[in-house]
Amino acid sequence: MSRKNNTMKEMPCSEQPYEKCEKYGAQILSDAELMAVVIRTGSCGETSIDLSKRILEILPGRSLNGLFQVSKEQLCDLKGIGRVKAIQLLCLAEITKRMLRSDEQKKRLTCGGPADIATYYMAEMRFLETEQARLLCLDGKNAIAKEHVISVGSFNSVMASPREVFYYALKYKAVSIILMHNHPSGDPSPSKDDISVTRRIRETGNMVGIPLIDHIIIGNNRYISLKECGYLP
């Protein structure tokens, strides 16, 4: 007799995530129970919650945040996870990203301080495996009018010349700009090169009339503002 996948319906009602959510609210569910609602079925001999617990074990940090860092292939390597379940989980991660970075939220985002900028981009950039540099072009109301990815793979190699930065700043009619890049190590502390490049871009911005307001470095749930650190007086 073939063994079928165990579903949540086979669990006692008191242990089923749907019933717990309906009675107490989604906030009462554990990470494994939330994931079980998404994947729906387990694998041979285990429930969807048991499978979800095994998935969490292989995720970076052993938490739902790890879904931002895994690929479909990595998920499919786990016994009990096929193409459909892997896609379901990746779509869950993408939905979360888009909710955190909604267009309406971005429209309301102004540059009164680096904390707002860092918080907005943290959910996406803290999990990037390679360095990525972005240019934020601000309008006359100090709001982000345009965002452009300048480089992927290395901040300093591309940003050593301010030419590309101000090509896009002029193209998008920026009144001022903010630079931002991530450190995949998780430590946002600026390197000597980060500071040197930032000063060169600041000097060029002053000459062309598009001032550099700040340079924000994103780490793992941490950020550093070079303006707050005194490198952009």
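**Close-up views of a predicted model**

View 1. P184 touches L128, E129, T130 and E131, leaving out residues up to four places away in sequence. The C-alpha atoms of P184 and E131 are separated by 6.3 Å, although the two residues are 53 residues apart along the chain. P184 itself belongs to the loop that runs between β5 (176-182) and α10 (192-208). With a relative accessible area of 39%, P184 is partly exposed, because this value falls between the 20% limit for buried residues and the 50% limit for exposed residues.

**View 2. Helix α7 (residues 114-125) within the rest of the structure.** Nine of the twelve residues of α7 are buried, so this helix is largely enclosed by the rest of the structure. The buried residues of α7 are P114, I117, A118, Y120, Y121, M122, A123, E124 and M125.

**View 3. The largest nonpolar core.** This core contains 19 residues, of which M35, I55, L59, L67, L75, I81 and L89 touch the most other members. Helices α2 (31-39), α3 (48-58) and α5 (83-100) each supply at least two residues of the core. A further core, of 15 residues, lies apart from it and includes L135, C137, A169 and L179.

**View 4. Contacts of M35.** When neighbours within four places in sequence are set aside, M35 is in contact with S52, I55, L56, L59, L64, L67 and L89. Among these contacts, I55, L59, L67 and L89 are listed with M35 as residues that touch the most other members of the largest nonpolar core.

Definitions and conventions:
Residues are numbered from 1 along each chain as its sequence is written. This is a predicted model: local features need pLDDT of at least 70, side-chain atom pairs count only at pLDDT 80 or more; totals for chains, interfaces and linings use all residues. Side-chain values use heavy atoms; hydrogens and water are left out. Helices (H or I, at least four residues) and strands (E, at least two) are DSSP runs, numbered from the N terminus. Buried means under 20% relative accessible area, exposed over 50%, partly exposed in between (1.4 Å probe, protein chains only). Contact means heavy atoms within 4.5 Å. A nonpolar core is a set of buried Ala, Val, Leu, Ile, Met, Phe, Trp, Tyr and Cys residues joined through side-chain atoms within 4.5 Å.
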